[in-house]
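Work through the exercises below with the model open beside you. Try each task before reading its solution.

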Amino acid sequence: ATLNPGEEVYMTLHRGWEQPGKVLKLKKSVYGQAPAPLAWFSKLEKGLEDTGFRLSMMDLCLFISDKAICVVYVDD
């Protein structure tokens, strides 16, 4: 199954911890799922922009600030 970014994900409790009618809502992206790299990159992008970097319009892996250049590659 694939997930859409921002989609809520629930899972059953682990063996020994089960409770009838109870499930866990995951707060973070699931590693290995299709949206995991996008979620990670979105978080990184926001952090870089909050510290003064801006995303290049020529290359979406390039962030530029007045003092530094940051190139990011996500291998999914």
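**Exercise 1: Ser56**

Ser56 touches Leu62 and Ile64, leaving aside residues up to four places away in sequence. The model is a predicted one.

Solution. 

**Exercise 2: Ser65**

Task: Carry out the analysis for Ser65. Where does Ser65 lie, and which residues does Ser65 contact beyond four places in sequence?

Solution. 
- Step 1. Ser65 belongs to the loop between strand E4 (62-64) and strand E5 (69-71).
- Step 2. The relative accessibility of Ser65 is 15%, so Ser65 counts as buried.
- Step 3. A polar atom of the Ser65 side chain lies 3.2 Å from the backbone nitrogen of Lys67.
- Step 4. Neighbours within four places aside, Ser65 is in contact with Gly52, Phe53 and Arg54.

**Exercise 3: Leu60**

Task: Is Leu60 buried or exposed? Then list its contacts beyond four places in sequence.

Solution. 
- Step 1. Leu60 lies in the loop between strand E3 (54-55) and E4.
- Step 2. Its relative accessibility is 57%. The cut-off for exposed is over 50%, so Leu60 counts as exposed.
- Step 3. With neighbours within four places set aside, Leu60 contacts Phe41 and Leu55.
- Step 4. Now take a C-alpha distance. Leu60 and Val71 are 9.0 Å apart in space and 11 residues apart in sequence.

**Exercise 4: The core and the aromatic pair**

Task: Which residues make up the largest nonpolar core? Then classify the geometry of the aromatic pair in the structure.

Solution. 
- Step 1. The largest nonpolar core has five residues: Phe41, Leu48, Phe53, Phe63 and Val72.
- Step 2. Val72 touches Trp40, Phe41, Leu44, Cys61 and Phe63, not counting residues up to four places away in sequence.
- Step 3. Count the ring pairs. The structure holds one aromatic pair. Phe41 and Phe63 form this pair, with 6.0 Å centre to centre and 45 degrees between the planes. The pair is tilted.
- Step 4. Phe41 lies in helix H1 (residues 36-50) and Phe63 in strand E4, so the pair ties together parts that are 22 residues apart in sequence.
- Step 5. Check burial. Both Phe41 and Phe63 are buried.

**Exercise 5: The whole chain**

Task: What pattern does the chain follow along the sequence?

Solution. 
- Step 1. The secondary structure comes to one helix and five strands. Along the sequence the pattern is β-β-α-β-β-β.
- Step 2. Of the 76 residues, 16% count as buried.
- Step 3. The chain exposes about 6700 Å², and carbon and sulfur atoms supply 58% of it.
- Step 4. Take contacts between residues at least 6 apart in sequence. Of these, 21% join residues at least 24 apart.
- Step 5. The mean pLDDT of the chain is 82, and 80% of its residues reach 70 or more. Confidence is lowest in strand E1 (residues 10-12), at a mean of 81, and highest in E4, at 96.

Notes:
Residues are numbered from 1 along each chain as its sequence is written. Side-chain values use heavy atoms; hydrogens and water are left out. Helices (H or I, at least four residues) and strands (E, at least two) are DSSP runs, numbered from the N terminus. Buried means under 20% relative accessible area, exposed over 50%, partly exposed in between (1.4 Å probe, protein chains only). Contact means heavy atoms within 4.5 Å. Accessible areas come from the Shrake-Rupley method with a 1.4 Å probe; for residues, only the protein chains shown count as cover. A nonpolar core is a set of buried Ala, Val, Leu, Ile, Met, Phe, Trp, Tyr and Cys residues joined through side-chain atoms within 4.5 Å. A polar contact is a pair of N or O atoms within 3.5 Å; within protein, one must be able to donate a hydrogen and the other to accept it, and residues adjacent in sequence count only if both atoms are side-chain atoms. Rings of Phe, Tyr and Trp (its six-membered ring) pair if their centres lie within 6.5 Å; planes under 30 degrees apart count as stacked, over 60 as edge-to-face and the rest as tilted. pLDDT is the predictor's confidence in each residue, from 0 to 100.
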